[in-house]
Amino acid sequence: MLDGKYLYLRQENATITILVRLVRNKAMQLTFDGKTIDQLAIELIQAYNNSNEPYYGGFSGGKDSVVIYDLTKRANVPVDWHYNVSPIDSQEVRDFIKTYYPDVIWDKHAQGFFGKLFLTNGAPLRTQRWCCRVIKECGGEGRVKILGMRTEESNTRKHYKCFMDNPSGGNWLLPIVNWTTQDIWQYIAERDLPINPLYKLGFERIGCVLCPFAGKGDIKLQLHYFPKIVNAYKMACNRYIENRLTDPKRKEPKHKTGEEYFNWCISRK
Ligand code: SF4
């Protein structure tokens with residue numbers, strides 16, 4: 001259960017942080033050659049589009065997606081934007097995309113997430129992120145994918161470059177790969193872009209509910225705000241453990257109940 005004081009503080013923090021960002025540092029950060037980082041990103045987007053083939057744009061409804069969407073508009077390059085519908089995304093994310101980005105195409109790759117996929121693979125873990133393969137990384141094979149990934153986000157991403165091979169074919173163009181979170185909020189404020197309402201509730205990252213890469217604070221908020229998804233997750237954990245305990249072909253699990261397994265998964269051990 002989320003304690004009231006914690007929730008209040010997260011809301012206060014989010015609101016204050018956004019407000020501070022709105023009023024300070026009005027000019028975007030400069031690069032070595034005196035260009036602002038958004039100018040540089042636009043030039044990169046244009047430079048890699050010399051064949052004029054449309055980019056495949058990955059759109060998740062988070063702050064980084066909103067920024068790259070706007071940068072490509074300013075760069076005036078063709079892009080078809082895709083949202084990979086995640087069975088563990090909140091309704092708020094879907095409503096936000098529907099309302100503010102109606103041209104984004106909704107692709108459904110992850111059918112059966114809480115069924116066969118969960119039963120076979122177990123809950124997504126940091127060491128076992130099968131979910132990204134079936135939810136987030138599908139689509140745009142063989143094309144240049146324009147994505148909002150940034151080095152700051154994880155150890156894996158810290159070596160990413162603005163143009164790189166896509167492990168499953170084609171290339172990735174990451175125009176904001178070196179932007180900080182501060183740069184992102186500043187750009188959103190300067191350009192007056194829509195803000196996903198979940199940030200105003202205190203979420204640091206918008207993404208799949210109970211993602212193994214979410215911080216403890218976001219997990220707390222998710223348990224509070226998204227009981228339906230949490231419940232579906234708990235039931236899938238129960239089925240997974242029952243199956244492991246009763247199927248003679250499978251190794252006996254370390255956890256003896258779905259509840260124990262669920263609690264272990266969200267404790268990030
Ligand atoms: S839960 Fe996390 S790791 Fe899994 S698909 Fe979603 S974002 Fe990727």
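Predicted model: local features only at pLDDT ≥ 70, side-chain atom pairs only at ≥ 80, totals over all residues.
Local features need pLDDT of at least 70 and side-chain atom pairs count only at pLDDT 80 or more, while totals for chains, interfaces and linings use all residues. Residues are numbered from 1 along each chain as its sequence is written.

**Sheet**

Helices (H or I, at least four residues) and strands (E, at least two) are DSSP runs, numbered from the N terminus. Two strands pair if DSSP finds at least two bridges between them. Six strands form an open sheet of mixed pairing, in the order 3-2-1-4-6-5. Strand 3 (105–107) and strand 5 (163–165) are the edge strands, each pairing on one side only. On average, neighbouring strands of this sheet are turned by 30 degrees against each other, direction ignored.

| Strand pair | Sense | Bridges |
|---|---|---|
| Strand 1 and strand 2 | parallel | four bridges |
| Strand 5 and strand 6 | antiparallel | three bridges |

Y55 has V79 in strand 2 as its bridge partner, and F163 stands opposite L173 in strand 6. A residue is buried if 20 or more other C-beta atoms, placed from the backbone, lie within 10 Å of its own. Five of the six residues of strand 2 are buried, so strand 2 is largely enclosed by the rest of the structure.

**Nonpolar cores**

A nonpolar core is a set of buried Ala, Val, Leu, Ile, Met, Phe, Trp, Tyr and Cys residues joined through C-beta atoms within 7 Å. The largest has 36 residues, and those with the most contacts inside it are A41, V67, L71, I146 and I176. Elements that each supply at least two residues of this core include helix 2 (37–47), helix 3 (63–75), strand 2 (79–84) and helix 7 (181–191). Helix 3 gives the most to this core, with six residues.

Two residues are in contact if their C-beta atoms, placed from the backbone, lie within 7 Å. Leaving aside neighbours within four places in sequence, L71 is in contact with D38, A41, I42, I45 and P175. A second, separate core has 21 residues, among them F113, I135, Y233 and I241.

**Helix pair**

Helix 5 (residues 113–121) and helix 10 (residues 227–246) pack at an angle of about 40 degrees, with their axes 9 Å apart. Axes are lines fitted to C-alpha atoms, for helices over the stretch in contact, and angles run from 0 to 180 degrees between N-to-C directions. Helix 5 is therefore oblique to helix 10, a class left after angles under 35 degrees (roughly parallel), over 145 (roughly antiparallel) and 65 to 115 (roughly perpendicular). F114, F118 and L119 of helix 5 make the contact with A232, A236, R239, Y240 and N243 of helix 10.

Conventions
Buried ≥ 20, exposed ≤ 12 C-beta atoms within 10 Å, placed from the backbone.
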